[in-house]
Amino acid sequence: MRTGADYRESLRDGRDVWVMGEGRVEDVTTHPATSAMVDEYVAWYDRHFDPDWQDTLLTPPGANGQRQPLALTPPKTSDDLRRLGKAISAVHFITGGNMTHTPGYGALIALGMLNVLTRLNNSSEEIAAAEAYRASLAGSGRFLTFAGGGPSIGTRLRQEESERVALRLVSESAEGIVISGKVQMHTSTPFAEDLLITGRDELPPGSGRWLWFIVPVNAPGIRVVARRTAARHKNPFLSPLSSRFDELDSLVWLKDVFIPRERVFTAERLNQNRRQSLTSWLIWHHSYGWLAKAELTLGLALSLTEVMGLRENPATIEQLVELTVNVQTTRTCMTASELDPEMTDSGYALPGQLHLASAGINTLRVRQRMSEILRGLPGSSLVNAPADTDFADPEMAAELEDAFGGGGYTALQRAALLQLAWDQVSSGLEGREAAFESHASGGLT
C-alpha cells in the first residue's frame with residue numbers, strides 16, 4: 001500500500017484536465033479548484049499507516065503477520081462484508097458522506113467487472129486478465145473510476161442515427177484497439193489514475209459485441225473535462241464542507257486512444273437492474289455515503305437543538321424523532337444486507353440486494369425531507385449567521401456577541417455550527433450531491 005505522498009506524486013503525470021470556468025489545469029495538486037480534494041485523497045491513503053486507524057482499515061494479521069487494506073481486499077464471507085462495511089462507514093462518517101468515490105470504491109469497480117465477466121462465462125484469458133488487474137489494484141492502491149459510456153447531448157442530437165454513439169472503434173488488431181469519442185459521466189476523474197469505460201453501443205455497430213476497457217487517465221489522446229467547481233466562499237469558516245469536498249464529475253474525451261488487448265473485455269450493455277451487476281457493490285458503497293450524510297444531518301439537528309435552546313420544543317422533538325427513524329432504518333437495512341449476503345459466480349460475498357435496495361429507497365425517499373427539517377430547525381439565524389472575520393472588529397464583535405451569544409455558548413461557537421449546517425443543506429455542494437445521485441446512481445427510480 002503506497003503513501004499519500006506517492007499518490008500525490010502520481011498525479012503529476014502529464015494528464016490533460018480542463019475545469020469549466022477555470023481552464024486547463026497544469027497541476028491538480030496545486031490548482032485552487034482541485035488541490036483541496038487531492039489533500040483528502042492523500043489523507044485516505046495515509047490513514048492506513050495511522051496506528052489509531054489500523055484496526056478499522058486493515059485486515060487481521062495473516063499467517064505471515066501482514067495486514068492488508070480492507071478497502072482493497074475482496075470479501076468472501078458475511079464477516080468479511082461486515083468488516084469492510086465498517087471500514088467504508090468509518091471513512092464516510094468523517095467526510096459527512098461527501099467523498100463518494102475513494103480508491104477503495106475503485107477496487108469494488110474492478111471486483112464487479114470480474115464478477116460480470118465470470119457470470120458471462122467469458123474466455124479464461126479475459127477472466128485471468130480481469131483478475132490480474134483487480135489484484136494489481138489490491139497491491140498498488142491505484143485509483144480507478146468508471147462511466148457507463150453515455151453520449152453527450154450533441155452526440156445524441158446528430159441527424160444520422162448511426163452517428164448517435166458515444167464511442168467509435170477506429171481500428172483493432174491483435175495488440176489492442178483504438179477508440180475515439182466523448183463519454184459522460186465519471187466521478188473524481190481529475191484525481192483518478194485509471195478509467196473503466198463500459199460502452200452502451202455495439203463496437204463495431206451491428207456486431208452484437210459490447211466492449212469494456214480500462215485506460216490510464218494520462219494516456220495520449222485523453223482529455224478530462226470537469227464541471228465547474230461548486231460555488232463556495234473563499235473563507236473555509238463559511239464553507240467548512242464545500243471548501244474540502246468537490247470531486248469534479250467529468251466528461252472524458254478520447255481521440256485515437258490506444259488500449260492494449262489485456263485491458264479490453266467483451267462484456268455487455270451496462271444493466272444496473274441486473275441482480276448481480278458491475279454496480280452491485282458500488283451501490284453498497286454509495287449507500288454508506290448516503291447514510292453518513294443522513295447521520296451528519298441528524299447530528300447537526302441534535303447540536304442545533306441544544307445550541308439554539310430548543311430541547312423542550314415539542315415540534316423540534318418530533319422532528320428529531322423523524323430524523324432518527326430515517327437514519328436507523330437505513331442502518332438496519334445495511335446491516336441486514338451484510339448478514340444475509342449473496343454469493344457471486346466469482347466466489348465473493350455480495351451484500352444482499354433486496355436489503356440494499358430497501359436501504360437506498362429509504363435514504364433517497366427521505367433525503368429532501370431531512371434537509372428541509374435541518375433548514376428550518378434553527379430558524380432565520382441559519383441565513384444570517386456571521387463569519388469568524390466579523391469578530392475582528394471590536395465594536396462589531398461586541399454587537400455580535402449580544403446578538404448571537406448566551407446560553408452557555410459564544411457567538412463564534414454558535415456561528416460556526418450554523419455555517420456548518422448551511423453548508424450541509426443549502427450550499428452548492430449540496431446541490432451537486434443531489435443532482436449527482438439522481439443521475440449517476442439512478443436516483444429513487
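## Strands and helices of a predicted model

In strand 3, Leu144 and Phe146 point one way while Thr145 and Ala147 point the other way, and all of these residues are buried. The structure described here is a predicted model. Its chain has a mean pLDDT of 93, and 100% of the residues reach 70 or more.

Strand 3 spans residues 144–147 and runs parallel to strand 6, to which it is joined by four bridges. Within this pairing, Phe146 stands opposite Leu196 of strand 6. Strand 6, residues 194–198, is itself mostly covered, with five of its five residues buried. The cover extends to both faces: Asp194, Leu196 and Thr198 lie on one side, Leu195 and Ile197 on the other, and all are buried. Strand 6 is also joined to strand 7, residues 211–216, by five bridges, and these two strands run antiparallel. Here Asp194 has Pro216 of strand 7 as its bridge partner.

A further sheet is open and consists of six strands in the order 2-1-8-9-5-4, with mixed pairing. Strand 2 (23–25) and strand 4 (167–173) stand at its edges; each has a single partner strand, so one side of each is left without a neighbour in the sheet. On average, neighbouring strands of this sheet are turned by 20 degrees against each other, direction ignored. In this sheet, strand 8 (residues 222–226) and strand 9 (residues 250–260) run antiparallel and are joined by five bridges. Ile222 stands opposite Leu254 in strand 9.

| Strand pair | Bridges | Direction |
|---|---|---|
| Strand 3 and strand 6 | Four bridges | Parallel |
| Strand 6 and strand 7 | Five bridges | Antiparallel |
| Strand 8 and strand 9 | Five bridges | Antiparallel |

Val224 belongs to strand 8. The residue is buried, because its relative accessible area of 0% falls under the 20% cut-off. Val224 and Arg15 are 209 residues apart in sequence, yet their C-alpha atoms are 8.2 Å apart in space.

Turning to the helices, helix 8 covers residues 280–307 and has 28 residues. From its first C-alpha to its last it reaches 41 Å, close to the 40 Å expected at 1.5 Å a residue. Just after helix 8, Gly309 takes a positive phi of about 70 degrees.

Helix 10, residues 353–376, and helix 14 have axes that come within 12 Å and cross at roughly 165 degrees. The two helices are therefore roughly antiparallel to each other, since an angle over 145 degrees counts as such. The crossing in which helix 10 passes helix 14 is left-handed.

Helix 14, residues 428–440, is also where confidence in the chain is lowest, at a mean of 81, whereas confidence is highest in helix 9, residues 314–339, at 98. In general, where pLDDT is low, the predicted coordinates should not be read in detail.

Note on methods
Residues numbered from 1 in each chain as written. Predicted model: local features only at pLDDT ≥ 70, side-chain atom pairs only at ≥ 80, totals over all residues. Heavy atoms only, no water. Pairing = 2+ DSSP bridges. Axes fitted to C-alpha atoms, helices over the stretch in contact; angles between N-to-C directions. Expected span 1.5 Å × (residues − 1). pLDDT = per-residue confidence, 0-100. Parallel < 35°, antiparallel > 145°, perpendicular 65-115°, else oblique. Left-handed = near helix turned anticlockwise from the far one by under 90°. Buried < 20%, exposed > 50% of the residue type's maximum accessible area, 1.4 Å probe, protein only.
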